[in-house]
Amino acid sequence: MTRDDNPFAPLQREAGAGEKITRKSLTAWQDIRYRLKGNKLAMFGFWVIIVVVALAILVPWLSVHDHYSNDLVNKNKAPTWGHWFGTDDLGRDMLVRTMMGARISLFVGVMAAIIDFFIGIIYGAIMGYFGGKVDEIMNRLSEILYAIPYLLVVILLLVVMEPSLTTIIVAMSITGWINMAWIVRGQIISLKNQEYALASQVLGAGHMRIMFRHLIPNAMGPIIVTVTLSVPSAIFTEAFLSFLGLGVQSPVASWGTMISDSIGAMTIFPWRLFFPAFFLCLTMFAFNVFGDGLRDAFDPKLKK
Amino acid sequence: MSKSLLDINGLSKHFQLGGGRELKAVQNFTLDIKKGETVGLVGESGCGKTTAGRTIMRLYEPTAGSMIYDGVDIAKLSKRQFKAYRRRMQMIFQDPYASLNPRLTVLDIVGEALDIHGLAHGKAERKKRVEELLELVGLNAEHASRYPHEFSGGQRQRIGITRALAVNPEFVVCDEPISALDVSIQAQIINQLIDLQKQLGLTYLFVAHDLSMVKYVSDRVAVMYLGKIVELASSEELYDYPQHPYTKALLSAIPEPDPSAAREKERIVLSGDLPSPINPPSGCPFRTRCPAATEKCAAEVPELRETRPGHLAACHYA
């Protein structure tokens, strides 16, 4: 045996010296927050979202005006001290209506994103993790669903159900999750052969543990980015459907219906178009830059 | 010789590639591992040594063959039945950067082993056990709250070892545990593994392509080529009297530290690449690159046979 006359005999380590790590210990979330804070554009997006949300909550509550009372004497007024954003064709205060629109738009966006998130993760994770026949069948199903023209589904659904918020959210969720499912599937396929997943399998972990403890948390970066980016797309879809008259019904207004109402008179009363359109663009921009910033923050390899 | 712990007989793993093609990654793998010994498994990249290790751990379902572990054929067990054996057999992985989940702390990475098998009751006991294990492999107890990215390659590999040892296994497959590390760290990890073997009475299957390291750690060495074992002997015997031309070529490639000896040393340079395991050569798998191949090598498959006492080789002319 060569093993005992050891050519690689270890040096004796000084007592208590050990292997020290002097860097402060950070949890993954602290790390992400720290990196996100360093990204000015993303923080700008974050604060814009906060401000829009705060306005949407506070303005209709604090304002002396409401969003439904007509005031035909003061219709189509330009912005004044009494009506900061002017009034619409029935003399309703545009500021309050815009912020009520923000409530609707944000609610639709967030709900659609949450539904996409859950359905997409579960469906995508099952596809990617089990692979083979399961993947084949589930993937074909999602492709079939994806191939049906989206607008057709929405319009048909609106025929069956009454035009309302719920209908819009359901309509968007029918096909909205597919993108998320495909992203999750791709992530899981690339992660499931990572050695840490194998190690967990060697330890005897079940499918659930491997999926929810090892694979999905490591796919969270792209998932969160997709979620944040699906919020503006849902907001936009809602605005688009409302613009076509398929959305929420009067007196409630979303940004889309307000833009739709104002389009005929946009050369004469441009503020009626400007304010909802401005907030729509601002919110979408904010979610997009925030989503991009999150993606950078979630990737530990980009750490400086 | 002591009692055999794992008796692998005729183990094969074939992957279906579609279109009726088949990749025979491991063929007729027969190896008897004794309790307390270290068996080295060497071969070039793509020869199937990692697949063999993973099939033994049932990460891949074996296509054929038996694996008698302590009297039970673990190749035939269902996944559920095999779970009990996962406490007794563990694995150390090749890449310390890929084998630790970056989202978990060391406490949770090592603690997972305890959770799955219900080895610790309550958080305090779990933490204490993980800290003990970390100290066993030369890390500090306060490392438990850290994330993998805060460690160096060698430290990460120690964490991988800790995870494997957390369930108190008796048999450990080391899948190239040092090939991703610096040379100086390699020696540390190897010595750690040897110390742990002595301390805990472990049995190793040591998969590697670094022959000098394998010689240093192993009692016996198996040489694999294109999914088959071509030579098997005790490590002294194999290094002193290689029988198979492939082993001779591998041994001649070990760098010689002494320059004057290096000048005299004759290197056998193999021509060509490893043939594709999807379409292996007829007869002896090595014949396409063998300097001594004859017509017999193309016609007949050489079986592993004893060419010297206790020394098996699969070559017609050994």
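Student: Are B:Tyr225 and B:Phe286 buried or exposed?
Tutor: Keep in mind that this is a predicted model. The cut-off for buried is under 20% relative accessible area. Both B:Tyr225 and B:Phe286 count as buried.

Student: How many aromatic pairs are there over all chains?
Tutor: Rings pair when their centres lie within 6.5 Å. Over all chains, the count of aromatic pairs is 18.

Student: What kind of aromatic pair do B:Tyr225 and B:Phe286 form?
Tutor: Their ring centres are 5.0 Å apart, with 85° between the planes. Planes over 60 degrees apart have their own label. So, by that cut-off, the pair of B:Tyr225 and B:Phe286 is edge-to-face.

Student: How many residues apart in sequence are the parts that this pair ties together?
Tutor: B:Tyr225 belongs to strand β9 (residues 220-225) of chain B. B:Phe286 sits in the loop between α10 (259-264) and α11 (295-299) of chain B. The pair therefore ties together parts whose separation in sequence, in residues, is 61.

Student: Which residue lies over the face of B:Tyr241?
Tutor: Look for a charge sitting over the ring, at 4.0 Å from the ring centre of B:Tyr241. Over B:Tyr241, the residue is B:Arg308.

Student: What is the order of the strands in the open sheet of chain B?
Tutor: The sheet has four strands with antiparallel pairing. β2 (21-34) and β5 (72-73) stand at the edges, each with a single partner strand, so one side of each has no neighbour in the sheet. Strand β1 (residues 4-18) is joined to β2(B) by 10 bridges, and to β4 (residues 64-69) by five. The order is β2-β1-β4-β5.

Student: Which residue stands opposite B:Ile8 in β4(B)?
Tutor: Each of these pairings can be traced residue by residue; across to β2(B), for instance, B:Ser4 stands opposite B:Lys34. On the β4(B) side, the residue opposite B:Ile8 is B:Met67.

Student: Which residue in the hairpin of β4(B) and β5(B) takes a positive phi?
Tutor: These two strands pair in the antiparallel sense over two bridges, with B:Ile68 opposite B:Asp73 in β5(B). The hairpin has two residues between the strands. The residue with a positive phi near 50° is B:Asp70.

Student: How far apart in space are B:Val223 and B:Cys47, C-alpha to C-alpha?
Tutor: B:Val223 is in strand β9 of chain B, and its 1% relative accessibility makes it count as buried. In sequence, B:Val223 and B:Cys47 are 176 residues apart. In space, C-alpha to C-alpha, the distance is 9.7 Å.

Student: What does the UniProt annotation call residues 6-251 of chain B?
Tutor: In the model, this span is 37% helix and 28% strand, and its end C-alpha atoms lie 28 Å apart. The label comes from an unreviewed UniProt entry, which reads "domain: ABC transporter".

Conventions:
Residues numbered from 1 in each chain as written. Chains lettered and ligands numbered in written order. Predicted model: local features only at pLDDT ≥ 70, side-chain atom pairs only at ≥ 80, totals over all residues. Heavy atoms only, no water. UniProt positions renumbered as here; feature names shortened; annotations may be inferred. Phe/Tyr/Trp six-rings, centres within 6.5 Å; stacked < 30°, edge-to-face > 60°. Buried < 20%, exposed > 50% of the residue type's maximum accessible area, 1.4 Å probe, protein only. Lys NZ or Arg CZ within 6 Å of the ring centre and 35° of its normal. Pairing = 2+ DSSP bridges.
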